[in-house]
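Trainee: I have a chain on my screen and want to learn how to read its features. Could you take me through them?

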Amino acid sequence: MLAKKQAMGLSRQGLDTPSLHRSSLHPHIVLRQVRLNSRQIRVQAAPTSLNSDMMSWLSTQGVDMDRTGVEVSPSGGLVTSRPVAKGETAASIPESLWITKATAELSPLGPFVTDLSPWLAVALLLIYERSIPNSQWKAYIDTLPIEVTSPVGWTDEDLEELRGTQLLSSIEGYRAFFQQEYQNLKTIFAAHPKIFPEATFTWDAFLWAACTVRARSHAPLDGEDVALVPLADLTQHARGGAASINWAVKNAGLFGRGRVLAIEAERALTAGAPVAMDYGPTRTEGQILLDYGVTDVSTADGSFALTITLPEEDRFFDDKIDILELNGLQQANEFVVRAAGGAPESLLPTLRLVNIQGGDAFLLEAIFRNEVWEHMQQPVSEENEDAVCRSIVDGCIAVLGAYPTSIEEDLTALGAAAPGSRAAAAVAVRLGEKEALEATLKLFESRMEKLKDLEYYGERRLKRLGLLDKEGKPTDWDSFFEDGIA
């Protein structure tokens, strides 16, 4: 995570933004989109000559290009330049070439960035170095996109295609956050105009730099250790089996005093293969697009996130929040549902706990505290399970009804959009959300139809006591006493 003041902005988890859709019938259910489908996009690839200049510069800076097994493709992403064996380091970039907060502190900006979070310091250094014709980082900076690749930088016309989606709300949250950060920095700019010329440190320049730092930094060089790493930051994004490498920071040099970022092959790669990693294994393509400006079409099922919040006005709030925290959860918890179907782990237990009322509330008593979460793994009562299902069904219906287009219209629009375009990505956002919501709606509607057939806590309890047999029929009372159960 970044420094406290910036923690909600550029962490790997992305922005914490207000949810776009809320069900008026169930205010504790918040539905938030977190996934989209689109062709992979890497816009504004640098001209081949600029990438060639960067490779030459890296060679002069101590990178052994003869041993490096990667090169930049015409589309702007890294590919292998020769076969690379599993476990082999395809390229390594020394720490001296990373752009970090320490780099900024050694520049003329040093006295003014010491108290800033790392990502802000790096962003300001990018603006500063880009304005210097003979910057030592020129060969690298010239390869960076000229404009913002994230939807944060899309035009209003582009964003119109996102109307009704959660991604649009997240974009607005990003912009508001960056604008606040920029306003805070203007005090420093105004006090030191020679270091921060007004014509150079503009809002547009700041937005470009902030989004560039977010788009080009990956674990383990993120958060407090955020760094821009020339060449390595052209690693492509891919999901599942298409991911082929990982980043690893290793000691190097005499006595291991130096460090390098190693690009390591997770499997054998042929020459010309994409050098790709999953930018965020626990994240979704919607978040990836927002933060990195790229998407991967290879995983084609949409997703939607449900944020389940325990209302503070709940009669049993103290007991329920205690149980949640004892089991590693919080007052608000996010669960991703997918078009492929199935309920995420802990979603149903959380919903059951949040919806416990009336006759089921005895399970919240202190005597059950160590075992209540285990009970939540299975249906508690028909009334409770009905409330669980209705909260999701009503929420899905409310959100689906708020979209300005239908799934059929989205499919038609997606087919007409240019592959890899902003329009294609935007339409895919809507489509991915709806597919996930439709799948979740059907899942819980189907569950509601089977409520009479489910086994609930009371029945399970009687079976454990031997009062019901496996078929749910009363047992022989004589054997019950003979076995010493009573």
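Mentor: Start with one residue. Thr295 lies in the loop between α9 (285–292) and β10. Helices (H or I, at least four residues) and strands (E, at least two) are DSSP runs, numbered from the N terminus. This is a predicted model: local features need pLDDT of at least 70, side-chain atom pairs count only at pLDDT 80 or more, and totals for chains, interfaces and linings use all residues. Residues are numbered from 1 along each chain as its sequence is written, and side-chain values use heavy atoms, leaving out hydrogens and water.

Trainee: Is Thr295 buried or exposed?

Mentor: Buried means under 20% relative accessible area, exposed over 50%, and partly exposed in between (1.4 Å probe, protein chains only). Thr295 has 0% relative accessibility, so it counts as buried. Its C-alpha atom is 9.7 Å from that of Arg239, 56 residues apart along the chain.

Trainee: How do I read contacts along the sequence?

Mentor: Contact means heavy atoms within 4.5 Å. Take the contacts with a separation of 6 or more: residues 24 or more positions apart account for 73% of them.

Trainee: Now strands. Which strand pairs with β10?

Mentor: Two strands pair if DSSP finds at least two bridges between them. β10 pairs with strand β11 (residues 332–338), antiparallel, over 7 bridges.

Trainee: Why is β10 described as largely enclosed by the rest of the structure?

Mentor: Count its buried residues. In β10 (residues 303–309), 6 of the 7 residues are buried, so the rest of the structure largely encloses this strand.

Trainee: What is the strand order in the open sheet of 3 strands?

Mentor: The order is β5-β8-β7, with antiparallel pairing. β5 (89–94) and β7 (245–252) are the edge strands, each pairing on one side only. From one strand to the next, the twist averages 25°. For such angles, axes are lines fitted to C-alpha atoms, for helices over the stretch in contact, and angles run from 0 to 180 degrees between N-to-C directions. β5 and strand β8 (residues 258–265) run antiparallel and are joined by 5 bridges. Ala91 has Ile263 in β8 as its bridge partner.

Trainee: And rings. How many aromatic pairs are there?

Mentor: Rings of Phe, Tyr and Trp (its six-membered ring) pair if their centres lie within 6.5 Å; planes under 30 degrees apart count as stacked, over 60 as edge-to-face and the rest as tilted. That rule gives 17 aromatic pairs. Trp119 and Phe177 form a tilted one, 6.2 Å centre to centre with 35° between the planes. This pair links distant parts of the chain: Trp119 is in helix α4 (residues 118–130) and Phe177 in helix α7 (residues 166–191), 58 residues apart. Both Trp119 and Phe177 are buried.

Trainee: Why is the pair of Phe362 and Tyr457 tilted?

Mentor: Their planes are at 55°, with ring centres 5.8 Å apart, so the pair counts as tilted. Phe362 sits in the loop between α11 (347–355) and α12 (372–376), and Tyr457 in helix α16 (residues 457–464), 95 residues apart. Phe362 is partly exposed at 31% relative accessibility, while Tyr457 is buried at 9%.

Trainee: Which residues form one aromatic cluster?

Mentor: Among them are Phe112, Trp119, Tyr174, Phe177 and Trp203.
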